[in-house]
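Student: Could you show me how to read the packing in a model that I have not seen before?

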Amino acid sequence: MNSVFSNKTAIAIFVLPTLLIFCGIVLVPIFVSSYYSVLDWNGVGKGAFIGLDNYVEMFKDPRALHSIRNSFLFAAASIFIQLPLSLLLALILASSVKGEGFYRTVYFIPVLISTVVIAQLWSKIYNADYGLLNTLLENIGLSELAQDWLGQKKTALAASFIPTLWQYVGYHMLLMYAGAKSISQDIFEAAKIDGASRIRTAFAITIPLMKPILKVCLVFSVIGAFKVFDLVYVLTGGGPLFATEVPSTLMYTTIFNTYRYGYGSAISVFIILECLVFTVIINKFFKTE
Amino acid sequence: MLSTAEARLPKRPQFIGKILLQVFLIIMAIVQIYPLIWLAFFSLKDNSEIFSGDVASFPKKLLWSNYAKALSDGNVMNYFNNSVLVTVASILLVLILSSMTAYAITRMNWKLSNTTMTLILLGMMVPIHAALLPLFMVLKNLHLLNTYWSLIIPYVAFGIPMAVFILGSFFKGVPREMEESAVMDGCGVYRTFFSIILPLIRPAIATVAIFTFLSCWNELMFAVTFINDTHFQTLTVGMMSMVGTYITQWGIIGAGLMITTVPTVLIYLLLNKQVQKSMIAGAVKG
């Protein structure tokens, strides 16, 4: 028995191919990116070592700082608008209302759809001349509110948050719903017997017991906001006039449009570190609480 | 006790509360689903109907020719086939590699098994941004840009951590006796794994397959960077070039977007319990 499951050849055959692909494609590139980030390099020939100059430049560049600010706003919108709504829906659905399964299925559909499709769809919704939003506003007599949502600086950023918030409400709802459902029914019975109202039960019992899943949702929404690329890239490309630019679209244009490989890599390393630091902070925060 | 608590709650407000709750849930359902219905509608309309200000209603005449045009002139058939090929290949490779590795880590005896697991799980934290430029350079030097491999290899590599995690936790739950009796009957490690253990974890295989399907089918950043030859482009990138070509022809664009979306939604409607479970399993990673 033991000799069969300690067979070194079998272990090598089972593990080595995976490890090779994984290390080569996922792990090693992080170090390569870090190396690129200290170079002044346009992809041709050898780059010149410039130390941390790329990072210094990033923190002085108003365009980069603006993109970082946007990603923080994105995270804030997700935390303060999306997550509360998801929590509300999850709590309602977990309290065995009629049509529970149906609503859960419907709310979740946008999660599965490609962000490219979502972005194209919303660019049509926002279309200044024929879009759904402006048509709707005109039909309910608010035509003075109709405008070119993605084409002007003051509305473009908020307009590019909304599709993401809309798309992933169902995702967080599902996770929170699973969290709420995994709480033992006895506790709710006890609360009911003590005469606690539904709302009190939610705040005093359900939500505190959902902490582990709320932590996961918080991490996902913050990290997701820092990494957001597809939606902005397709919907606005970062425009108008960089108004909706986020770090990953800036990274992309820096590398593939202006060929500043070193500077672009510095931005990508910044994104990784940012994600790592905030994951640790959120975990710490939930531990001490 | 129970009866007094219930007696304190008057019946009527509770009934009204239930109706208000249902109204709220229905409004949310409309918000979540109506944009997609709207997309389905305008994918069947011609420009004159869309631009006459009547963009929201059911199409007067179902214009299926939009779909035919998108598939042939819009090249969507080609994008679709590429997406299917890349996605299926990635799912198969992820399943083969990850199940073998997860098995060796959780069920076989060797010194570095825990270290290997930790290393692979670290991969779940790595955003693909980090790998984009280094991979681009490597693929360029190997002359692999504009091939299916330039997508399949990265998709597999980034799919491995989650898959090993999910499969590993299922392998842990298989009773030792299964393996013991297989070995007693004279099975070697390969036969035990492939014909006894693997069939036992079918639900986990389905979970990983669904997860990998969604991430490959919808992926954009690698696809837009590693491939610029139309012949090899997948749906996500294809949609972007199609929108550029048919700027004002919403019907055809809509048809393309629908073709991209329908497979995912169909799979979801057929397997919705399994899909929801997969997404939860993927999130709650310990």
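Student: Which residues touch the most other members of the largest nonpolar core?

Tutor: In soluble globular proteins, nonpolar side chains tend to be buried together. A nonpolar core here is a set of buried Ala, Val, Leu, Ile, Met, Phe, Trp, Tyr and Cys residues joined through side-chain atoms within 4.5 Å, where buried means under 20% relative accessible area, exposed over 50% and partly exposed in between, with a 1.4 Å probe and protein chains only. In this predicted model, the largest core has 190 residues, and those touching the most other members are Tyr107(A), Phe108(A), Met210(A), Met108(B), Phe171(B), Phe226(B) and Met279(B). Helix α8 of chain B, residues 149-172, gives the most to this core, with 14 residues.

Tutor: The model is predicted, and local features need pLDDT of at least 70, side-chain atom pairs count only at pLDDT 80 or more, and totals for chains, interfaces and linings use all residues. Residues are numbered from 1 along each chain as its sequence is written, chains are lettered from A and ligands numbered from 1 in the order in which they are written, and side-chain values use heavy atoms, leaving out hydrogens and water.

Student: What does Tyr107(A) touch, beyond residues up to four places away in sequence?

Tutor: Contact means heavy atoms within 4.5 Å, and the partners of Tyr107(A) include Leu89(A), Met173(A), Leu25(B) and Gln32(B).

Student: Is Val189(B) buried or exposed?

Tutor: Val189(B) has 4% relative accessibility, so it counts as buried. Leaving aside neighbours within four places in sequence, Val189(B) is in contact with Val4(A), Phe5(A), Asn7(A), Ala10(A) and Met108(B).

Conventions: Helix = DSSP H or I, 4+ residues; strand = E, 2+ residues; numbered from the N terminus.
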